[in-house]
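Let us work through this model one question at a time. Keep the sequence and the coordinates open beside the text.

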Amino acid sequence: MQLKQFFLLLWLTSALGGSSNAQLKYPLTNKVDQTDDYFGVKVTDPYRWLEDDNSKITGDWVEAQNKLTAGYLSAIPFREKVSKRLAAMWNYARYSSPFREGDYYYYYKNDGLQNQSVLYRQRTLTSQPEVFIDANKLSQDGTAVPGVPAFTRSAKYCAYLQAESGSDWQEAFVMDVQSGKSLADKLKWIKFSGIAWKGDEGFYYSRYPETTEQNKLSRQNQYHTVYFHQLGTPQSTDLLIYEDREHPLRTITASLTEDERF
């Protein structure tokens with residue numbers, strides 16, 4: 001979209017919004033009597049209740065806000081036209097730069113309107129490509145995003161971290177490169193981590209202590225810790241490598257020297 005067209009669209013949207021704002025009836029947002037004392041300074045926080053993202057009252061408030069927004073957006077007369085124009089402009093094939101691992105060249109390609117790019121591989125620059133990881137098939141809504149796989153030096157295995165719905169939480173999965181099949185290994189409670197392989201044995205990664213599904217998106221994360229995962233074993237037996245109990249808010253990652261000695 002050209003810059004001039006973008007600002008025209010922005011102006012039309014603003015103009016429409018300005019004429020309709022007076023007619024919108026926003027959902028009532030409750031206020032509570034909440035005051036905190038920070039070093040002698042009293043700070044009111046009447047919307048503290050919204051921090052509980054699992055409560056029914058918060059869920060009802062979000063649903064009402066979404067309903068209002070959807071109703072407003074659906075009434076914009078040129079919305080469908082803009083949507084079709086954007087879809088047409090985005091509908092072209094896109095490729096990443098290729099990289100070599102073992103016997104294969106790997107690259108990402110998006111046909112145009114795919115939610116996520118697909119990781120392909122091929123043995124030579126002229127051979128037929130094959131799908132290695134199709135992120136669009138990892139979840140029903142297409143929001144699962146795998147990171148770039150980390151391969152062992154022998155290229156026998158690769159591991160990747162997968163996030164869903166834009167969350168920082170990730171899960172680790174391992175694949176047999178030759179067959180393209182996933183192994184049984186699955187690691188959870190991972191954030192802000194890399195994957196550092198030691199031979200074909202296993203890899204180092206960073207994770208937080210296990211939490212509950214109810215508060216994993218709202219609870220403060222503390223005590224980032226490095227573990228070693230041995231292939232073919234459950235996560236509960238992973239070896240603790242390093243932790244810092246004196247600095248709970250620090251993040252810690254591990255990597256190996258090229259010869260894998262340190």
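Q: How many helices and strands does the protein chain have?
A: The model is predicted, so the count rests on predicted coordinates. Helices and strands here are DSSP runs. The protein chain has three helices and 16 strands.

Q: What share of the 262 residues is buried?
A: The cut-off for buried is under 20% relative accessible area. Among the 262 residues of the protein chain, buried ones make up 30%.

Q: Which residues of α2 are buried, and what arc do they cover?
A: Thr 58, Gln 65 and Leu 68 are buried in α2. They lie on the same side of α2, because the arc they cover around the axis is only 95°.

Q: Which residues are exposed on the other side of α2?
A: Exposed means over 50% relative accessible area. On the other side of α2, the residues that are exposed are Lys 56, Glu 63, Lys 67 and Ser 74.

Q: How many cavities of 30 Å³ or more does a search of the whole structure find, and what volume has the largest cavity?
A: The search of the whole structure finds one cavity of 30 Å³ or more. The largest cavity has a volume of about 40 Å³.

Q: How many nonpolar, polar and charged residues line the largest cavity?
A: Its lining is made of Tyr 108, Ser 117, Leu 119, Ile 133, Ala 135, Pro 146, Gly 147 and Pro 149. Gly counts as polar in this scheme. By class, the largest cavity has a lining of six nonpolar, two polar and no charged residues.

Q: Which strand gives the most to the lining of the second largest pocket?
A: The second largest pocket has a volume of about 220 Å³. Three strands, β10 (157-164), β11 (170-176) and β12 (181-190), each supply at least two residues of the lining. With three residues, the one that gives the most is β10.

Q: How many charged residues are in the lining of the second largest pocket?
A: The lining includes Glu 164, Glu 171, Lys 188, Glu 213 and Lys 216. Trp 169 and Trp 189 are also among the lining residues. By class there are four nonpolar residues, three polar and, for the charged class, five.

Q: Is Ala 184 buried or exposed?
A: Ala 184 sits in strand β12. At a relative accessible area of 80%, Ala 184 is exposed.

Q: Is Ala 155 buried or exposed?
A: Ala 155 lies in the loop between β9 (150-151) and β10. Its phi is positive, about 60°, although Ala 155 is not a glycine. The relative accessible area is 13%, so Ala 155 is buried.

Q: What is the relative accessible area of Tyr 223?
A: The loop between β14 (202-207) and β15 (225-230) holds Tyr 223. Tyr 223 also has a positive phi, near 65°. Tyr 223 is partly exposed, with a relative accessible area of 22%.

Q: What distance separates the C-alpha atoms of Thr 143 and Val 32?
A: Thr 143 is in the loop between β7 (130-134) and β8 (144-146). Thr 143 counts as partly exposed, at 26% relative accessibility. Thr 143 and Val 32 are 111 residues apart along the chain, and their C-alpha atoms are separated by 36 Å.

Conventions
Residues are numbered from 1 along each chain as its sequence is written. This is a predicted model: local features need pLDDT of at least 70, side-chain atom pairs count only at pLDDT 80 or more; totals for chains, interfaces and linings use all residues. Side-chain values use heavy atoms; hydrogens and water are left out. On a 1 Å grid over the protein atoms alone, a cavity is a set of points where a 1.4 Å probe fits but cannot get out, and a pocket is an open set with protein on both sides within 12 Å along at least five of seven lines; lining residues have an atom within 4 Å of a point. Grid points are joined across faces, edges and corners, and a volume is the space filled by probe spheres set on the points. Helices (H or I, at least four residues) and strands (E, at least two) are DSSP runs, numbered from the N terminus. Buried means under 20% relative accessible area, exposed over 50%, partly exposed in between (1.4 Å probe, protein chains only). The arc is that of the directions from the helix axis to the C-beta atoms.
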